[in-house]
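This report sets out selected geometric features of one protein model. It moves from loop backbone geometry to helix packing and then to aromatic rings.

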Amino acid sequence: MKAILFHLNLERVASDPLAFDRKLRELLNAPASIIEEIIIKELFKRLDLLYAPKGAFDFQRYADAAKEFFTLRERKAA
């Protein structure tokens, strides 16, 4: 992941998932979707969320959902 982020010139994927998606597709073309899905699966696992894909995979949508869940959980914990 560090090597990919280095080549994409991005420090944090969470700060701009759309930019990550765009740059990863420029770098890898079609295999970008596979990497993105692996990232989302791992993210959901770490957040203890069920990953249940519906329809076409959309990295931005899943990243936004994970971010929203994390934010809500943090607010409840505070």
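## Loop residues with positive phi

Asn-29 has a relative accessible area of 53% and therefore counts as exposed, where exposed means over 50%, buried under 20% and partly exposed in between, computed with a 1.4 Å probe on protein chains only. The model is predicted, so local features need pLDDT of at least 70 and side-chain atom pairs count only at pLDDT 80 or more, while totals for chains, interfaces and linings use all residues. Residues are numbered from 1 along each chain as its sequence is written, and side-chain values use heavy atoms, with hydrogens and water left out.

Asn-29 belongs to the loop between H2 and H3, helices being DSSP runs of H or I with at least four residues, numbered from the N terminus. Its phi is positive, about 60 degrees, although Asn-29 is not a glycine. Most residues other than glycine have a negative phi. Asp-48, in the loop between H3 and H4, likewise has a positive phi, near 60 degrees, and it is exposed because its relative accessible area is 71%.

## Packing of H3 and H4

Helix H3 (residues 32-46) packs with helix H4 (residues 59-77) at an angle of about 15 degrees, their axes lying 10 Å apart; the axes are lines fitted to C-alpha atoms over the stretch in contact, and angles run from 0 to 180 degrees between N-to-C directions. H3 and H4 are therefore roughly parallel, a class that takes angles under 35 degrees. On the H3 side the contact (heavy atoms within 4.5 Å) is made by Glu-36, Ile-39, Ile-40, Leu-43 and Phe-44, and on the H4 side by Phe-59, Tyr-62, Ala-63 and Ala-66.

Two of these residues, Glu-36 and Phe-59, are also in contact with Asp-21, leaving aside the neighbours of Asp-21 within four places in sequence. Asp-21 is found in helix H2 (residues 17-28) and counts as buried because its relative accessibility is 17%.

## Aromatic pairs

A search of the whole structure finds five aromatic pairs, for which ring centres must lie within 6.5 Å, with planes under 30 degrees apart called stacked, over 60 edge-to-face and the rest tilted. Phe-44 and Tyr-51 form an edge-to-face pair, because their ring planes stand at 85 degrees, with the centres 5.9 Å apart. Phe-44 is buried at 7%, and Tyr-51 is buried at 16%.

Phe-57 and Tyr-62 are stacked, with 5.5 Å between centres and 20 degrees between planes. Phe-57 is partly exposed at 26%, whereas Tyr-62 is buried at 8%. Ring pairs link Phe-44, Tyr-51, Phe-57 and Tyr-62 into a cluster.

Notes
Helices (H or I, at least four residues) and strands (E, at least two) are DSSP runs, numbered from the N terminus. Angles under 35 degrees count as roughly parallel, over 145 as roughly antiparallel, 65 to 115 as roughly perpendicular and the rest as oblique. Rings of Phe, Tyr and Trp (its six-membered ring) pair if their centres lie within 6.5 Å; planes under 30 degrees apart count as stacked, over 60 as edge-to-face and the rest as tilted.
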